[in-house]
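Here's a quick tour of one structure, with the cut-offs spelled out as they come up. Have a look at it first.

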Amino acid sequence: MTTNVTTVPAYAAPAANAPLERTTVPRRPVGEHDVLIDIKFSGICHSDIHQARDGWGEGIFPMVPGHEIAGIVAEVGPGVTKFQVGDRVGVGCFVDSCRTCEYCLQGLEQYCTGGMTGTYNALDKNGEPTYGGYARHIVVDENYTLRIPEGIALDEAAPLLCAGITLYSPLAHWQAGPGKKVAIVGLGGLGHMGVKIAHALGAEVTVLSQSLKKQEDGLKLGADHFYATSDPATFTELAGTFDLVISTVSAPLDFGAYLSLVKTDGALVNVGAPEEPVALNLFSLIGGRKTLAGSMIGGIAETQEMLDFCAAHGLGAEIEVIDADRINEAYERVLASDVRYRFVIDASTI
Ligand SMILES: [Zn+2]
Ligand SMILES: [Zn+2]
């Protein structure tokens, strides 16, 4: 551990599957190109729960989750040029990358061949564990810090740093816009941002949800149509309809059935991550030159573009702000799909 480390209040899972509790964690000193961020709000992402419960294995404990961070710059290193004390800023899913591979050079840091450094549950370049946003402060390199425009409240901005960019990136890459028919599968934390962003991009938006329970919400968020996937007639009626289908669900899907909804030359893009391998009859791709693809968050420049786009269109996440002592309860409610649509922790209560 380096010297001059400060400790900050945080909520951590002390071990896999243990409830999160209040503690303190070290933060590195503010370096040449670092900003110290006074965290105001931190979103709860489904993958926080997954990692705190060690769903992917090899978790680093104690673990401070949180990669949807919004706050205010409290201090800057002497070499910092992009930010000043008082600026509204955000931090997403990663805080560093190799900066030299072909993807980093293209602004696709999320696909860094050396591996980007996760905001938490990772080791930084000095081999120290990274701790995420369920904390009062964080120190981040200015090159991995985003600017949050005045047009978005900080609490509604926090979830954009993961949920927002996770949907914005594939919508932009597959050119959702006027004249395009887009379907969003699943109306949760990710899906609700997909609906808002696709609508703002000018696409005709359809929600494909298990039931019609959230229909009113979906239409209010900007969807033009809403269908229940539990009704087999949905798949008959919508066959060959969409230019782009984005699945946000992490339960295994019948990919063949969803590909049947895609037009010739269209794409089914997965941003949810089912744990089990999937079986697929490749005729569902061949008959229509279709693409089955995946997409993971976005690079730094694209994340900034997304924040600017959301501010220009008045888009933030639909949130429920909670005090930190309700994190464990919030986890249970996320697992039960009982949140509309993102929990955000008020960091002043940490
Ligand atoms: Zn996330
Ligand atoms: Zn790289």
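Is C310 buried or exposed? C310 has a relative accessibility of 0%, so it's buried (buried is under 20% relative accessible area, exposed over 50%, partly exposed in between, with a 1.4 Å probe and protein chains only). Its closest cysteine sulfur belongs to C162 and sits 13 Å away, too far for a bond. The structure has zero disulfides (pairs of cysteine sulfur atoms within 2.5 Å).

## Ground rules

This is a predicted model: local features need pLDDT of at least 70, side-chain atom pairs count only at pLDDT 80 or more, and totals for chains, interfaces and linings use all residues. Residues are numbered from 1 along each chain as its sequence is written, chains are lettered from A and ligands numbered from 1 in written order, and side-chain values use heavy atoms, without hydrogens or water.

## Helix α4

Nine of the 11 residues in α4 (163–173) are buried, among them I165, L167 and Y168. Helices are DSSP runs of H or I with at least four residues, strands are E runs of at least two, and both are numbered from the N terminus. After α4 comes Q175, with a positive phi near 55°.
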